[in-house]
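Here is a short briefing to read with the model open beside you. Take a moment to look it over before going on.

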Amino acid sequence: MECLFCEIAKGNIPTFKLYDDGKFIVALDVNPATYGHIIIFPRTHYQTILEMPKEEYCQLFNLARIMIRLIPEVIKVSSFNILYSLGVDAGQRMPHVVLHVIPRYKDDKVAIGWEPLKMSQDELRKLQDYIINTLTKKFGNTPTPSQQQKPTPTRQTANEPQPKSSQQPQESTQDLTLP
Ligand SMILES: [Zn+2]
């Protein structure tokens, strides 16, 4: 059988489409986790987000953000999960990128959580060193060469406050303009 999402994109499988700009489709999930659960996927057959050009990847996640702003206009809800699964062990069932935007309600039956893996401060520090050292050996000082900012890993102890991001997200109503 062909890829389900490609077939939907071609119009061979009917769906409850909400939006289609020729590049991305937003539709109701036919097996919704909750009321208002939607899916967003590219028309192009990308197996994972790693195959997507950066621009399209950004558009995909931006669409999720737009939907999170728009859904409360029609459904009384203020909590959401964005779910993306890459790989079989993560729950990817179709070989096509799909983002789930799941509205969350008090006492809904959705379970997204985990038993924390027990790792000591020492084990975490070793893992941190291992990751940084391995990436530094491979890529030099910057694991992401395209970024200008050098990552400055800091060691956290239990008593230290969470590091705050220096960049506050810029809220823009321009994003609400659908193309
Ligand atoms: Zn496909």
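The notes below cover confidence, the sheet and the helices.

This is a predicted model, in which local features need pLDDT of at least 70, side-chain atom pairs count only at pLDDT 80 or more, and totals for chains, interfaces and linings use all residues. Residues are numbered from 1 along each chain as its sequence is written. Helices (H or I, at least four residues) and strands (E, at least two) are DSSP runs, numbered from the N terminus.

**Confidence**
- The protein chain has a mean pLDDT of 85, and 78% of its residues reach 70 or more; pLDDT is the predictor's confidence in each residue, from 0 to 100.
- Please treat residues 157-179 with care: pLDDT stays under 50 there, and the model has eight contacts beyond four places in sequence for this stretch. Two residues are in contact if their C-beta atoms, placed from the backbone, lie within 7 Å.

- E1 and E2 are antiparallel and joined by three bridges, with Asp-20 opposite Ile-25 in E2.
- Three residues lie between E1 and E2 in their hairpin, and Gly-22 in the turn has a positive phi of about 90°.
- E2 and E3 are antiparallel with five bridges; Phe-24 has Pro-42 in E3 as its bridge partner.
- E3 and E5 pair antiparallel over three bridges, and Ile-40 stands opposite Leu-99 in E5.

**Helix H2**
- Leu-60, Leu-63 and Met-67 are the buried residues of H2 (20 or more other C-beta atoms within 10 Å of a residue's own, C-beta atoms being placed from the backbone).
- Those buried residues pack against strand E2 (24-28), strand E3 (38-42) and strand E5 (99-104).
- An α-helix has 3.6 residues a turn, so residues three or four places apart point the same way.

**Helix H3**
- Gly-140 follows H3 and has a positive phi, near 80°.

Definitions and conventions:
Buried ≥ 20, exposed ≤ 12 C-beta atoms within 10 Å, placed from the backbone. Pairing = 2+ DSSP bridges.
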